[in-house]
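Here's a quick briefing on one helix pair and a handful of salt bridges. Have a look at the model first, then read on.

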Amino acid sequence: MEITNVSEYEAIAKQKLPKMVFDYYASGAEDQWTLQENRNAFSRILFRPRILIDVSKIDMATTVLGFKISMPIMIAPTAMQKMAHPEGEYATARAASSAGTIMVYKNRNVVAQLVRRAERAGFKAIALTVDTPRLGRREADIKNRFTLPPFLTLKNFEGLDLGKMDKADDSGLASYVAGQIDRTLSWQDVKWLQTITKLPILVKGVLTAEDASLAVQAGADGIIVSNHGARQLDYVPATIQALEEVVKAAQGRVPVFLDGGVRRGTDVFKALALGASGIFIGRPVVFSLAAEGEAGVRKVLQMLREEFELTMALSGCRSLKEITRNHIVTDWDLPQARPLPRL
């Protein structure tokens, strides 16, 4: 079967991967309402295309944290990719420049060592995931008694004396994380992180204007609007719906990116129209990696690029700066119906 869009890789991955692994990648928290909403919210944003504009040349290039990239489509920090394919992150890194991420552990010396490793490896930024003081309730992982396959290890933590992920009565991952994550993490730790590295720091997991303002005050170099792939707190808004609130609060002081639910080039355009500087994809990467390895990830990026370019052309936009809020209409722009008064 010829793959014609990003979403088709999920069905192939489901056939190829062990159930425990596929469910780990695909599932969300609890009722999975937010998981569905991450996609559904995009469908409620419609285009207002402009016509009779010369779109013979389309420029999708942009700059992120001082680095020029060919398009505003990037790969999100996504864990344990070797469960999807033997080459794992190596294949993904070859398909596109990979982003670095850390989680803050109880032992601050561990974080410092991870940062040093990232610097030595040539990473250009750190994405600090801030929405996991505890792991969300992922019922598929509980049912499957999720743990790492025996041939895999948490390679990034080798030599750091963090123990190992064992089987548990529910999710082995949840049990492991509960013993490692620091629940006292606060904005002071963002400032502390700045004292041990010169790399730009992106705060990943912001959903509100209040936290966007605090991220800027704490000196973050950028914000990633993310609900952790709907894997943490269920019934939070879709990231595309939270995006505009965060962008307005950031007031242009730092770039704001979007993570979650992007499956089409039209989604990329909608995010940029709402003020995002770029988007990150996660599940499409692991699903395409499982299906076709490095070639699959390359195809996903190419399909999104081509769809995004077409969306720009059909909307009358020749460059990213020409994509404006006036090119879309959202369901929250429309007047809300009010009940008629009783007579």
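Is Glu87 buried, partly exposed or exposed? With a relative accessibility of 36%, Glu87 falls in the partly exposed class (buried is under 20% relative accessible area, exposed is over 50%, and partly exposed lies in between, using a 1.4 Å probe and protein chains only).

Bear in mind that this is a predicted model, where local features need pLDDT of at least 70, side-chain atom pairs count only at pLDDT 80 or more, and totals for chains, interfaces and linings use all residues. Residues are numbered from 1 along each chain as its sequence is written, and side-chain values use heavy atoms, with hydrogens and water left out.

**Salt bridges**

- The count comes to 13 salt bridges, each being a side-chain nitrogen of Lys or Arg within 4 Å of a carboxyl oxygen of Asp or Glu.
- Glu87 pairs up with Arg94, and their closest N and O atoms sit 2.7 Å apart.
- Arg94 is partly exposed too, at 42% relative accessible area.
- Another bridge joins Arg298 to Glu294, with 2.6 Å between the closest N and O atoms.
- These two are four residues apart in helix α12, so about one helical turn separates Arg298 from Glu294.
- Arg298 is partly exposed at 42%, whereas Glu294 is buried at 19%.
- Glu87, Arg94, Glu294 and Arg298 are linked in a network of salt bridges.
- Arg137 and Glu139 also form a salt bridge, at 3.6 Å from N to O.
- Both ends of that one are partly exposed: Arg137 has 48% relative accessibility and Glu139 has 30%.

**Helix α2 against helix α12**

- Helix α2 covers residues 19–26 and helix α12 covers residues 283–315; helices here are DSSP runs of H or I with at least four residues, numbered from the N terminus.
- The two pack at an angle of about 155°, with their axes 10 Å apart (axes are lines fitted to C-alpha atoms over the stretch in contact, and angles run from 0 to 180 degrees between N-to-C directions).
- That angle makes α2 roughly antiparallel to α12, a label that applies over 145 degrees.
- On the α2 side, Phe22, Tyr25 and Ala26 meet Arg283, Val286 and Phe287 of α12, contact meaning heavy atoms within 4.5 Å.
- By class, this contact has five nonpolar residues, no polar ones and one charged residue (nonpolar is Ala, Val, Leu, Ile, Met, Phe, Trp, Tyr, Cys and Pro; charged is Asp, Glu, Lys and Arg; the others, Gly among them, are polar).

Definitions and conventions
Angles under 35 degrees count as roughly parallel, over 145 as roughly antiparallel, 65 to 115 as roughly perpendicular and the rest as oblique.
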